[in-house]
Every structure is written in structure tokens, then in C-alpha cells.
Amino acid sequence: MVNCCGLITANKDPVPLKSIEVELEVRDHVATVVSTLNYENKEDKPLEAVFVFPLPGDAAVCHFSAQIGQTQIVAEVKEKQKAREEYDDALSSGQQAFLLEESEQSPDIFSLSVGSLPPGESASIRLDYVTELAVQADDGLRFCLPAVLNPRYQPLGSGGSGGVQVTSVPASLVPYSLSFSARVSSPRPISKVESSCSLDPLQYLNSEQTQATIKLAAGHKFDRDVELLIYYKDAHQPTAVVEAGQASAELGSLMGDPVVMVSLYPEFPQSVMSSVASCGEFVFLLDRSGSMDCPINNSKQQETRISSARDTLLLLLKSLPMGCYFNIYSFGSSYEHIFPKSVEYSQQTMEEALKKVGEMGANLGGTEILSPLQHIYSQSCIPSQPRQLFVFTDGEVGNTKQVLDLVKKNSGSHRCFSFGIGEGSSSALINGLAKEGGGHAQFITGTDRMQPKVMQSLRFALQPAVVDISVTWDLPKGVSVTVLSPPITALFQGQRSLIYAQLTGQSPKAAEGCVTVKYSLAGHPSQNQLRFSLKPAEDTGSTVHRLGARTLIRSLEMEERERRGQPDGGLKEKVVQLSVQSGVSSSFTAFIAVNKADGEAIQGPLVRRNIPIAWMGVPPSKSRNLRMGAAIFKRDCCIIGSPIARACSLQLDDEFEMADDVPPVMPKQPPRDPLLQLVSLQQASGCWLLDPALSAALGKTSEEVDKSKPAPVNSDVWATVLALIWLHGFKKDAKEEWELLAMKAASWLRSQNAPCLTECVEAGNALLGCSMQKDVLGL
């Protein structure tokens with residue numbers, strides 16, 4: 001009979017995880033995260049608890065330790081199979097052991113095994129990692145503490161076996177607590193910190209406002225990721241940080257030499273930035289798995305992820321330039337496309353595509369993204385039409401590395417822009433698609449609207465591609481450089497590019513280094529240069545070294561996968577050696593800690609306990625045919641949970657294939673947003689037609705609109721001017737969403753050489769109650 005004291009699950013099983021404490025330190029754009037997981041075994045038998053949990057995809061795990069009573073055990077990094085054998089041997093001999101390993105399929109999923117926790121014993125597990133903060137479209141730096149672990153969909157035939165038993169409870173009943181605090185410091189003042197979660201007020205620590213603390217408000221529910229958006233004044237400043245090598249490490253080694261982290265923000269000529277490409281092949285790939293029918297956020301329950309994606313595709317299609325090509329793919333357990341191959345953008349093809357988009361629902365089952373990507377890449381590129389791929393998904397896949405390898409293999413033929421929708425989308429997948437595809441990644445969470453973020457990426461896609469990128473170093477005599485980062489493949493206005501490099505040799509105390517990035521944009525050669533002191537910064541620890549090691553490890557791992565079945569030059573051994581030397585996790589190593597203190601062996605068979613997963617929106621009764629990604633971990637880690645914050649928002653419909661007898665769910669049609677109503681009436685050429693639907697969208701009768709039209713003005717010119725005045729006059733706060741299609745409308749108007757345009761604008765202002773000038777409208 002199990003002793004059921006303490007916290008219990010719905011199945012009356014005790015839960016050994018009691019609380020989670022997270023401390024975040026942000027220095028400029030680098031974050032260090034310390035998570036402490038507190039366990040207590042209130043049963044009468046020894047326990048083994050196994051958890052599977054998310055971390056940011058580019059995190060470098062650099063410390064793992066356990067505190068049992070007065071004894072602290074610091075884990076070592078070892079080759080993965082050796083670490084597993086050592087863990088199993090320890091449990092067999094009655095010793096306490098702890099194992100932390102990265103998924104072989106996806107770098108943002110980890111498994112933590114807590115073995116042989118005796119009856120009545122408590123243990124605190126500490127996990128440290130460092131990560132870079134991505135720059136958002138509005139210049140904010142995004143930190144995300146993943147709380148949501150959506151089940152990883154494992155495609156059929158991919159080697160996964162069996163299913164995983166999931167214990168789920170409502171989010172309000174998750175039986176462990178989370179506390180979260182952050183300290184932010186920067187050379188530049190901190191203007192604000194925002195979050196989709198409730199925060200206590202920001203507390204500044206100095207008069208310059210360059211240091212501040214923030215805490216998660218009490219009562220946080222395990223129903224969302226903990227996301228912070230940090231804003232600095234004058235954020236776009238190039239910087240270089242030189243970090244001294246470790247005194248205990250060998251000179252000439254990565255950890256023994258200084259490492260420099262260079263942050264570059266290229267500035268492009270305004271004349272180039274003001275021009276918009278009039279060509280391109282735009283391919284949109286939309287997730288239609290079951291979970292896309294969930295609300296996009298907690299405040300607007302009526303707007304689902306799929307309905308927001310449909311509205312976004314409307315804006316995208318209306319904003320495309322005449323003369324380009326496009327196609328729309330959608331995927332779940334299978335995939336569909338609107339056209340057999342990309343077609344030229346015209347009124348007819350746009351209308352056909354929008355009709356199909358309007359019928360799209362979240363009814364295609366699971367999340368198998370590899371097959372549609374393979375099909376897209378098998379299509380020949382169109383000469384003089386650069387391919388731009390837009391991927392929209394809320395899901396997670398068990399074969400992330402396979403997907404990213406495919407994107408990298410085809411990186412020379414396209415740019416990839418990716419969008420993670422809602423809580424729990426995989427950071428490794430979303431960031432990896434953009435990184436390997438030379439594009440840009442965006443996350444839509446909390447109360448974010450999808451449309452402005454997507455249109456920001458469309459503006460990037462319409463920028464001329466930066467080519468012939470090269471990085472050169474100018475260093476004092478006797479100092480050499482080894483670049484740890486892969487070559488830069490994409491540059492965008494206002495977006496940061498990071499370079500890590502190892503500096504070997506001795507330099508004079510006052511010596512300077514210089515790094516120059518050269519590139520060509522729209523046929524114009526340009527360069528950005530940054531000079532920096534070679535004197536190491538004080539009190540930086542080993543953060544830069546570990547991030548540099550992580551960058552190099554990821555590059556070597558990808559190269560090893562590309563060469564599988566061929567001689568690889570000992571790449572796996574290089575990764576293991578670098579991981580062990582730097583203390584940074586990899587897919588070939590694991591952290592292992594064994595309590596070898598003198599004491600009696602722990603007696604009795606181990607009892608394995610489930611940490612419950614929260615469910616929201618989709619009751620467990622609908623979990624038929626649920627298949628989890630069993631191939632994520634090769635060991636029998638069958639317990640799913642999250643040590644960093646809650647267990648997951650279990651999107652069950654995302655993970656089962658629709659039965660043949662289940663009719664497709666037709667999308668709900670909420671009242672149309674006035675902006676989208678007007679946009680939906682725009683023609684592919686950029687103009688609007690004068691008809692009753694336009695009058696209704698403008699809030700006027702057809703008689704009022706017709707009566708106000710100046711006599712010599714063409715009806716389509718009049719309609720288009722009215723639409724532009726309405727957009728500028730009533731939807732200025734949503735300009736990011738309609739700016740590109742308004743530019744297309746203004747271009748169409750200029751091409752008409754219409755007479756009396758000034759009179760037309762004045763009449764439109766009078767009708768709509770606005771006071772717009774011609775130049776504001778782009779005329």
C-alpha cells in the first residue's frame with residue numbers, strides 16, 4: 001500500500017517535485033538562468049523520478065548539481081553512453097545518482113533522472129544555462145522560460161516506437177509552485193520590461209537606470225511560458241566583449257584562451273531600404289494540425305490560431321507585388337497545396353487562393369512538416385524570382401534536427417521566415433528554420449497580434465538579399481583568431497549578428513582589434529567596422545566561452561549528421577572533447593552525478609513516479625489515439641513533466657491522426673474586423689473598386705460615396721483614394737499591417753496619371769471627416 005501523504009495526483013500517486021525556483025540574470029543581451037528543483041520523498045520506498053522538459057533551443061547548459069542534506073554533488077560531463085552506464089550501475093548498487101541528457105532528436109528537450117531518493121529524504125537539483133536573447137521587430141530583447149511542453153509529434157516511419165502514458169490534471173491543480181526573479185543590467189538605460197505574465201513593478205537599482213530587478217507576481221498559473229521583453233535605450237549599438245581564459249585551462253585551448261563576442265547591427269543605405277522588390281517566389285506553409293484550433297491567447301478566446309493565420313494570409317496576399325509568384329501549402333499528418341506549382345500573382349490566382357484559405361480549418365491531424373518541405377524543395381526555382389518561404393506552426397516535432405538539416409541543405413536556394421504561434425512552440429524548430437534558412441524568426445505569444453510581426457518579416461523578405469558577406473579581422477602581431485561561429489549567411493536592417501572567436505597569443509596591454517563585415521546590397525558594396533579593446537572585461541565568468549563553445553558544438557553536430565555513412569574526420573569525438581572541456585551539453589554527452597559518500601546502500605526496489613501534466617482546453621477524454629514522440633529519448637524515459645515551469649498545455653488534438661469517420665471541423669466565422677473587411681476588397685493591382693461593399697466598409701452608403709465623387713475622377717481612382725484616407729485616418733495604430741498594401745495602392749494611383757487628384761483627396765477628407773495630405777498618402 002503506497003503511503004499517500006503529501007501532494008498527490010488525480011491518480012492518488014504522490015508527487016516528489018514540490019517547488020521550482022528560477023533566478024535570471026541578464027547582462028545586455030546575454031541571459032544566465034539558475035533553476036532549483038526541490039524534491040521530497042514522502043513515501044516508504046525509494047523513488048526514481050524522470051522528467052522531460054523544454055529549454056530554449058540555443059541554451060548552453062553549463063552546470064548541474066544536487067544537494068542532499070549537507071552533501072553537494074557536482075555533475076561531470078561525460079560521453080552519453082558512459083554516463084548512462086554509470087547511472088545504471090549506481091542505482092544497481094544502491095547509490096543515489098542524477099543524470100541530465102539532451103534529446104538526440106531536438107536540442108531544446110532535456111531528460112532529468114533523479115535516482116534512488118530514499119524514503120523521507122529531500123534533494124535540491126540545480127541546473128544552470130546561458131543563452132542569447134533574440135531581437136524582436138520592435139527592438140525588444142526576448143527571454144522565454146519555457147513552461148509549456150507540447151507533445152512532440154513523431155512522424156510515422158521515423159523510428160519511434162510505442163506510446164507514452166501521460167498523467168494530466170487541470171492547470172489549476174498542478175501540485176508544485178514556481179517562483180521567478182530577474183536582475184537586468186546593461187551599459188544603456190533600461191526603458192521598460194514587459195511580459196504576458198503578471199509582474200511586480202520594475203525596481204531600478206541606480207539613478208542611471210542601467211540596473212533593475214523584476215519578479216513574477218504571486219499566484220502565477222502554470223498555463224503559459226514566462227516571457228520577458230526587455231527594452232534598452234539606443235539598443236542598436238555594435239559591441240565587442242573580450243572574456244579572459246580560465247587560469248586552470250591549458251593555453252591554446254578554447255577555455256584557456258580569451259574569447260570575443262562581437263554584436264553587429266548593420267546599417268543599410270536609406271536609398272536601398274526605401275525600395276521594395278517587385279519580384280520573388282513567395283511560398284507560405286501553414287500548420288493545420290488540431291491544436292491550431294486553440295485560442296491564440298488567454299484574453300481573446302474567440303480568436304483561434306487558425307483564424308488569425310487565415311487573416312494574416314489575407315494581408316500577405318494583398319501585399320504581394322505584381323509580377324511575383326506564389327503558392328500556399330498546409331500540413332498536418334498529410335499536406336496539401338493550392339496550386340501544383342507556384343503561379344504568377346494576378347487577380348484570378350489571388351481570388352482562387354483566398355477562397356481556399358477561407359475554407360482552411362485545423363483538421364489535418366498531427367504535425368509532420370518534413371514531407372511538405374521536401375516537396376517544396378523538389379520544385380525547381382523560377383529564374384529571377386528569389387524564393388522566400390514563410391512557415392507558420394504552433395507545434396513541436398520529434399525530428400527537429402532532420403528538418404533543420406534539410407533547410408540548411410537547401411539554404412542556397414531560398415530564405416526562410418518562421419513563426420511560432422502560441423505557447424509551447426519549439427524554439428529549436430522556429431529559430432533553427434530561420435537561422436539555417438538565412439531568414440528571421442518571430443514568436444506570437446500572450447496578447448501579441450500575428451499580423452504586425454508577419455508583415456515585418458515580409459518587409460525583410462522584400463528587401464534585396466545581402467550577398468558576398470565576408471568577415472575580416474585586424475589584430476596586433478602575435479595574436480591570431482579562430483572563428484567559432486558559422487559564416488554569416490543573412491543580414492537585415494536593425495537585426496543583430498553575433499560572432500564568437502577565440503584569440504590566441506599575447507597582445508600589448510593597450511592593444512586594439514578590429515573586425516570588418518563586408519557585403520553587397522542591390523549591387524552596392526558596403527561595409528561595417530567595429531574597433532574594440534583586447535583587454536578582457538572584468539567579472540564576466542565563463543559566459544562568453546560557453547556560448548562560443550555551444551555555437552561550435554552545434555556546427556560540428558550538424559556537420560557530423562551531414563557526413564553520416566561517410567568518413568567524418570572524428571567529428572563526434574571532437575564534439576565530446578569540446579563538451580567535456582567546456583562543461584557545455586551536447587547531443588553526444590550527458591551530465592552525471594553520483595553520491596559516493598560513505599553510507600549504507602539504499603534498499604528495496606525503486607518506485608517510478610509521474611509528475612502530472614496540466615491540460616487546458618482539450619479534456620483528457622478527447623485524447624484518443626494520442627501518440628507522443630517516443631523516439632525523443634532512447635532510454636525508457638516514460639514520464640513527462642517540466643522542471644522549469646508547469647507541465648504542459650497538452651494540445652491533444654495536435655498529436656492524433658483524424659479518424660476517417662470524423663467530419664472536418666469547419667472554421668468559425670466571427671464578425672469581420674473593419675480593417676480586414678476593407679483589405680479583403682483590394683484588387684491584386686493595388687486599387688479598390690467603387691461598389692456597395694466598399695461603401696459599407698467605409699461606414700457610408702453607396703449614395704453618399706457616389707454623390708461626393710468629383711465629376712472628372714475615375715471611379716476606381718476615387719475608391720482607392722477613399723480607402724487610403726480611411727487607412728491613414730482611422731487605422732494609424734495598425735500601420736505595420738497595411739503599410740505595404742497601401743504603398744501598392746499609391747503606386748497604382750501614380751501610374752494612372754489621374755487628373756484632379758488634389759480635389760479628389762479634399763473631397764475624400766470631407767466625406768470621411770479626415771484631414772489627410774497627398775504626401776502622407778504617398779501621392
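Biologist: At 22% relative accessibility, what does Glu86 count as?

Modeller: This is a predicted model, where local features need pLDDT of at least 70 and side-chain atom pairs pLDDT 80 or more, while totals for chains, interfaces and linings use all residues. Residues are numbered from 1 along each chain as its sequence is written, and side-chain values use heavy atoms, leaving out hydrogens and water. Buried means under 20% relative accessible area, exposed means over 50%, and partly exposed lies in between, with a 1.4 Å probe and protein chains only. At 22%, Glu86 therefore counts as partly exposed.

Biologist: Which side chain does Glu86 meet in a salt bridge?

Modeller: A salt bridge is a side-chain nitrogen of Lys or Arg within 4 Å of a carboxyl oxygen of Asp or Glu. The partner of Glu86, with N to O at 2.8 Å, is Lys78.

Biologist: How many residues apart are Glu102 and Arg554?

Modeller: The side chains of Glu102 and Arg554 meet in a salt bridge at 3.2 Å, N to O, and both residues are buried. Helices (H or I, at least four residues) and strands (E, at least two) are DSSP runs numbered from the N terminus. Glu102 lies in strand β7 and Arg554 in helix α9, so that the pair links distant parts of the chain, 452 residues apart.

Biologist: Which residues are linked with Glu102 and Arg554 in a network of salt bridges?

Modeller: Glu102 also belongs to a network of salt bridges that includes Arg554.
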